[in-house]
Structures are given as C-alpha cells and as structure tokens.
Amino acid sequence: MVIIESPKMITVSYSNLQIPVTVWFEERNRLRITVQPDKSIVAKAPLDHSMEEVQAKLEKRAPWMIRQLEYFDQYHPVLPDRQYISGETYYYLGRQYRLKVTAGSENAVKLIGKFFMLTTTQPENLERKQQILQDWYTSHARVFIQNRAMLFVDRLIGLSAKTPEIKYRRMNKRWGSCTPAGVITFNTELIKAPTHCIDYVVLHELCHLVHEGHSAKFYHLLDVLMPDWKKRKERLEKVILT
Ligand SMILES: [Zn+2]
C-alpha cells in the first residue's frame, strides 16, 4: 500500500534565490526531485524523513535545481511585452527612465535626464533595439559592479580572502555566484537594481572568498561588514527584471 500525505511547501534558499519546492511524503526509499518544464519543483520524500532532513537534502541539490531551471528557461525566455518604443520605462540603478527612440546614423544609448535616448539606424527592428539597450546595460554593469567590488575587496583580502577573479554574465536565476576557487560571477542584470542592493550582492559573494558555504561564520562576517544586509536583500527581491 502506498501512503501519500498531503504535500508540504518548502522554500530552499540558495545564493540570493528562494526556490519553492512542493514535497510529497510517500512510501519510498529515496528522495526524488523533479524539475518540471513549467519550472515548478516537486520532491517525493520517504515517510521516515523529517522536514529538516528533506530541507537539508534539497539545499544540497539546489545547484542542480538551478541548472535545470536555467535549462527550461531557454524554452521560456523572459520575453516581456517590450516593444522598445518611446514611452516605455526601463530601470537603471533602481531608477526609472523613459525610453526615447530616434532614427539616426549610429546605434547608441545615452542617459539624459529622465530619458534613455536610443538612437538607431533601424528604429523598427525590435531585436536590434533590444540588443543595443542590452549592450549598454552590460557594459555599464561591468564597470559599475567592478568599482563597487573594489571598494570592499581590500578589506576582505585583509581577512585572508583569496584574490577574486570576477566575471559577468546575464543570468535569469541568480544575482551572483562564487566557486571554491574564488571565481565570482555577477549577473549583469544587477545594474537595474539600486546601488545599495548591488553592494549587498557584491559583498555577499566576496564574503564567500573567506567562507565558502552559508555557514554561521559566513553570516557573522556579512553582519559585521553590512549590518543591514537583510533589508537590502528584501529590496532586491522586489526588483523587476525586464
Ligand atoms: Zn552565497
């Protein structure tokens, strides 16, 4: 006989992400996790597992879950109803700017007052406009985040941190990551968030140069260097990416 209880919800924290998982307890030997194409995650747990055990096992598998979610993202790209036409709103460092598209002899973006002024040779070409704006975001993200990282990095090197190698990439599921070898990757989409939120992600990842996992020591260091990091993290969760 298969005993199935009603499902429980567990939130798995990983990096700066909260991943909801539906957990079914049933008669079985091992925990099984499935990431569905609609990006919902279902875990089937043995009846003798406590919620804590399930939580711990899910957390261990979080990197795998994220890889699966990113895999499915390829088929459900975040394609908002953006038309890249004048009047649309875009974010930069937490502030809103209106897009103004004009035809011109070059492809360029300039931030002037409250406007993103986008000049393009192909004002009717949506993909082209998207690419021009994305390139602008990416190049600004690299410079801005690098500068913020440099503000913190010296203090951490003093705490026997490794010297980081910093990379930048557009990611859908996380703001940043740090490998045990000290390679930090920041999501270029961060540039849309307010500076104090960017600083939180930057410091969070840099603290991993001192403490690898999310141990008590890690959080202690973060608390000391940025006592209000939780507030910044909450604000970051409200950032809308488009
Ligand atoms: Zn972390």
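Trainee: Let's start with the big picture. How many helices and strands does the protein have?

Mentor: Remember that we're looking at a predicted model. Its secondary structure comes to 6 helices and 11 strands. The C-alpha atoms fill a box of roughly 70 × 50 × 30 Å along the principal axes. Of the 242 residues, 41% count as buried.

Trainee: Okay, now the metal. Which residues coordinate the zinc ion?

Mentor: Look for the atoms that point at the ion. Here they're the NE2 atoms of His204, His208 and His214, at 2.0 to 2.1 Å. Along the sequence, these donor residues follow the spacing H-x3-H-x5-H. His204 lies in helix α4 (residues 195–207) and His214 in the loop between α4 and α5 (216–225), so this pair ties together parts that are 10 residues apart in sequence.

Trainee: Next, helix pairs. How do I describe one?

Mentor: Two packed helices are described by the angle between their axes and the distance between the axes.

Trainee: Which residues of α1 and α2 meet?

Mentor: From α1 you have Leu58, Glu59 and Lys60, and they meet Ala62, Pro63 and Met65 of α2. Sorted by class, this contact of α1 with α2 has 4 nonpolar, no polar and 2 charged residues.

Trainee: What about the inside of the protein? What should I look for?

Mentor: In soluble globular proteins, nonpolar side chains tend to be buried together. In this model the largest nonpolar core has 47 residues, and those with the most contacts inside it are Phe116, Leu156, Phe186, Leu206 and Leu236. Helix α3 (residues 126–157) gives the largest share of this core, 11 residues. There's also a second, separate core of 20 residues, including Leu17, Ala62, Leu69 and Phe72.

Trainee: Which residues does Leu206 touch, leaving out those up to four places away in sequence?

Mentor: Leu206 touches Ala149, Phe152, Val153, Leu156, Pro164 and Ile184.

Trainee: Can we try one from a loop? Where is Met171 found?

Mentor: Met171 sits in the loop between β9 (165–169) and β10 (176–178). With a relative accessible area of 3%, Met171 is buried. Leaving out residues up to four places away in sequence, Met171 touches Glu70, Gly176, Thr185, Phe186, Asn187 and Glu189. Take Phe186 from that list: Met171 and Phe186 are 15 residues apart in sequence, and their C-alpha atoms are 8.5 Å apart in space.

Trainee: Last one: what can backbone angles tell me?

Mentor: Most residues other than glycine have a negative phi, and most peptide bonds are trans. So watch for positive phi values.

Trainee: What is the phi of Tyr84, and what is the phi of Leu93?

Mentor: Tyr84 has a phi near 55°, a positive value in a residue other than glycine. You'll find Tyr84 in the loop between α2 and β5 (89–92), and at 6% relative accessibility Tyr84 counts as buried. Leu93 isn't a glycine either, yet its phi is positive, about 50°. Leu93 lies in the loop between β5 and β6 (95–103), and Leu93 is buried, with a relative accessible area of 16%.

Note on methods
Residues are numbered from 1 along each chain as its sequence is written. This is a predicted model: local features need pLDDT of at least 70, side-chain atom pairs count only at pLDDT 80 or more; totals for chains, interfaces and linings use all residues. Side-chain values use heavy atoms; hydrogens and water are left out. Donors are N, O and S atoms within 2.8 Å of the metal (3.2 Å for Na, K and Ca); water is not among the atoms, so sites may look incomplete. Helices (H or I, at least four residues) and strands (E, at least two) are DSSP runs, numbered from the N terminus. Contact means heavy atoms within 4.5 Å. Ala, Val, Leu, Ile, Met, Phe, Trp, Tyr, Cys and Pro count as nonpolar, Asp, Glu, Lys and Arg as charged, and the others, Gly among them, as polar. A nonpolar core is a set of buried Ala, Val, Leu, Ile, Met, Phe, Trp, Tyr and Cys residues joined through side-chain atoms within 4.5 Å. Buried means under 20% relative accessible area, exposed over 50%, partly exposed in between (1.4 Å probe, protein chains only).
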